[in-house]
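Visitor: I am new to reading protein models. Could you walk me through a few features?

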Amino acid sequence: MTLASTTQQSQVGGGTATFPVVSATPIGPGVLEIDTLLGGWSRVTAGYLVEGPSPVLVETGSQSSVPTLLAALADLGVGPHDLAGVVVTHIHLDHAGGVGDVARAFPDATVYVHEKGARHLADPERLVRSAAQVYGDLLDRLYGRLDATPADRIHVLADGERIRIGPDSELVTVDSPGHAKHHLGLHHVGDGGSGILFAGDAVGVRLPDGGLLRPATPPPDFDLDMALHSLERFRQREASGLALAHYGLIENPSDLLDEAEGTLRRWVEVAEAAWRSGQDIAAALEQHFAADLEDVPEAHREKLETLNGVHSNAAGLQRWLDHRTTGQGPAHGHDH
Ligand SMILES: [Zn+2]
């Protein structure tokens with residue numbers, strides 16, 4: 001992995017300055033995309049700063065991204081006592097690994113999280129241990145870990161709850177399990193809002209340099225019905241755009257949501273057929289969807305494979321298939 005050595009121009013508060021490495025891009029009224037440069041890769045992990053009298057950061061990225069993130073916020077003029085809140089769409093380490101560090105750096109910020117994720121932010125040991133099983137040596141080599149956040153800094157979000165950004169803008173939470181049971185979308189609404197819905201990983205992963213949209217179906221929580229229901233809930237929000245954590249703004253939400261549903265169903269179909277016939281799910285997915293990556297350069301494939309690999313998706317699908325139909329394992333699968 002190489003560290004990004006590019007410089008980006010950023011226009012904030014009327015001034016123009018050149019910052020090393022850090023990239024912040026306006027994507028809508030009051031919304032800045034911050035490239036948190038996981039592994040030094042550009043356009044793989046995004047955080048979003050929602051600006052206003054009470055600015056809120058959406059996603060910290062991994063712990064290894066914290067120096068990049070803090071430099072970006074400093075460059076944007078967000079001082080230690082300026083940030084009102086930090087909210088994570090879910091507690092996977094590529095989204096929330098930096099929360100403990102960010103909470104320390106911004107002592108006035110409230111930490112917002114789904115009720116099913118809150119205890120892990122306060123006491124991350126179990127989460128980090130299970131991440132170590134999934135990521136192996138990537139945990140230390142790429143992601144880092146997760147520092148505890150004092151429990152009294154944590155605010156548990158209910159579905160439909162509103163986080164105030166200013167007199168005419170707020171974030172509304174959209175409970176959206178499926179990718180993870182502790183997943184929330186955040187819709188930036190109000191006269192001063194952008195209309196953008198921060199979609200986390202619920203819609204899938206589409207790297208600007210990495211080809212098509214792919215579903216993200218990791219263990220241990222992936223659930224098809226919940227995932228589809230969450231896509232429907234996003235559709236009902238009629239957002240002006242979807243901001244993916246991996247990566248960036250998509251300006252035609254309904255097309256992307258259609259694509260997400262279709263892609264997810266195809267992946268599940270292939271996985272289920274393999275599962276029923278006792279074949280390896282990862283191999284079946286590889287074989288079926290390898291063509292999607294044909295035109296994607298090797299360097300970009302590596303990003304996608306690391307972040308949203310076929311093996312991780314296969315493991316999540318396998319777990320879901322195994323647990324879904326009690327007493328109807330692969331050996332009995334003769335229907336259809
Ligand atoms: Zn993710």
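Guide: Start with one residue. Asp-295 is found in the loop between helix 9 and helix 10. Keep in mind that this model is predicted.

Visitor: Is Asp-295 buried or exposed?

Guide: Exposed means over 50% relative accessible area. Asp-295 has 76% relative accessibility, so it counts as exposed.

Visitor: How far apart are Asp-295 and Gly-210 in sequence and in space?

Guide: In sequence, 85 residues separate Asp-295 and Gly-210. In space, their C-alpha atoms are 9.2 Å apart.

Visitor: Now helices. Which residues of helix 9 are buried?

Guide: First the general idea. An α-helix has 3.6 residues a turn, so residues three or four places apart point the same way. Now the case here. Helix 9 covers residues 281-289, and its buried residues are Ile-281, Ala-282, Ala-284, Leu-285 and Phe-289. Seen down the axis of helix 9, these buried residues fall within an arc of 160 degrees, so they line one face of the helix. Helix 8 and helix 11 are among the elements that cover them.

Visitor: What about helix 7? What span should its 13 residues have?

Guide: Helix 7 runs over residues 224-236. At 1.5 Å a residue, it should span 18 Å. Its end C-alpha atoms are 19 Å apart, which agrees.

Visitor: Which residues of helix 7 are buried?

Guide: Leu-224, Ala-227, Leu-228, Ser-230, Leu-231 and Phe-234 are buried in helix 7. Down the axis of helix 7, the buried residues fall within an arc of 155 degrees, so they line one face. The face turned away from that buried side carries the exposed residues Asp-225, His-229 and Gln-236.

Visitor: What do the buried residues of helix 7 pack against?

Guide: They pack against three strands: strand 11 (169-175), strand 12 (184-189) and strand 13 (196-200). They also pack against helix 8 (253-276) and helix 11.

Visitor: Last topic: pockets. How much space lies in the largest pocket?

Guide: Again, the idea first. Rolling a probe the size of a water molecule over the atoms shows where empty space is left. Here, the largest pocket holds about 780 Å³ of space. It is lined by 37 residues, and the closest to its centre are His-92, Val-134, Tyr-135, Pro-219 and Pro-220.

Visitor: Which helix gives the largest share of that lining?

Guide: Helix 5 does, with eight residues. Elements giving two or more residues include helix 2 (93-96), helix 10 (298-308) and helix 11 (310-324).

Visitor: What classes of residue make up the lining of the largest pocket?

Guide: The lining has 14 nonpolar, 14 polar and nine charged residues.

Note on methods
Residues numbered from 1 in each chain as written. Predicted model: local features only at pLDDT ≥ 70, side-chain atom pairs only at ≥ 80, totals over all residues. Heavy atoms only, no water. 1 Å grid on protein atoms, 1.4 Å probe; cavity = no way out; pocket = protein on both sides within 12 Å on 5 of 7 lines; lining within 4 Å. Points joined across faces, edges and corners; volume = space filled by probe spheres on them. Helix = DSSP H or I, 4+ residues; strand = E, 2+ residues; numbered from the N terminus. Nonpolar A, V, L, I, M, F, W, Y, C, P; charged D, E, K, R; others polar. Expected span 1.5 Å × (residues − 1). Buried < 20%, exposed > 50% of the residue type's maximum accessible area, 1.4 Å probe, protein only. Arc of directions from axis to C-beta. Contact = heavy atoms within 4.5 Å.
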